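Welcome! Let's take a friendly look at the open spaces in a protein and at the residues around them.

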Amino acid sequence: MNLVIFDLETTGWSPRYNEIIQIAAVRMRRGVVLGAETFDTFVRPTRDIPETISTLTGITNEDVRTAPEPTQALADFSRFVGNDIIVAHNGQRFDLRFIRAHCENNLIPLREVPFSDSLSLSHLIWPNEPSHSLDAVMERLRLSGEECRRHDARGDVLLLAEAVRQMW
């Protein structure tokens, strides 16, 4: 099974009012994370990144100043995905909503690809646990986030890929 594990960082939590500022992904084949097959880009928003988001993600206005516009970044991401299954954590409620909103707002046809939410996988494995956040999953799997910056899509996607590999 070919998967593309991905994560977005945004200027806030509402796809109606906020924008994508980073996309990262890594390919997984037959349960093996292919570290050489990665995708990551900053994305240039139309407004400045709020200070609270910069503090959380480490992404600054300087980082995104010369980044591709969202339409280009999403087209590049789409090419990277190809026909693989995309996987995100809480992606149904968050990541996919941002991608759909951007496509709708810019009259870009949305390319449907198979999707799996690792949050659902967590619910299947640990049905009685109160939390299924990525942090909770990492704790259950004894994954350390020390080697990467959390809430930076590049770091989160590597942690998520390892979590998906172990949950699978």
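A pocket here is an open set of grid points with protein on both sides within 12 Å along at least five of seven lines, and a lining residue has an atom within 4 Å of a point. Please keep in mind that this is a predicted model. Rolling a probe the size of a water molecule over the atoms shows where empty space is left.

**The largest pocket**

- The volume of the largest pocket is about 510 Å³.
- This pocket is lined by 22 residues, and the closest to its centre are Asp7, His89, Arg150, His151 and Asp156.
- Two or more lining residues come from each of these elements: β1 (2-10), α1 (51-57), α6 (134-141) and α7 (153-167).
- Strand β1 gives the most to this lining, with four residues.
- Sorted by class, the lining of the largest pocket holds eight nonpolar, eight polar and six charged residues.

**The second largest pocket**

- The second largest pocket holds about 360 Å³ of space.
- Its lining is made of 18 residues, and Ser78, Ile99, Cys103, Leu110 and Arg111 are the closest to the centre.
- Here the elements that give two or more residues are α3 (70-81) and α4 (95-105).
- Helix α3 supplies the largest share of this lining, six residues.
- By class, the lining of the second largest pocket has 13 nonpolar, two polar and three charged residues.

**Try it yourself**

Definitions and conventions
Residues numbered from 1 in each chain as written. Predicted model: local features only at pLDDT ≥ 70, side-chain atom pairs only at ≥ 80, totals over all residues. Heavy atoms only, no water. 1 Å grid on protein atoms, 1.4 Å probe; cavity = no way out; pocket = protein on both sides within 12 Å on 5 of 7 lines; lining within 4 Å. Points joined across faces, edges and corners; volume = space filled by probe spheres on them. Nonpolar A, V, L, I, M, F, W, Y, C, P; charged D, E, K, R; others polar.
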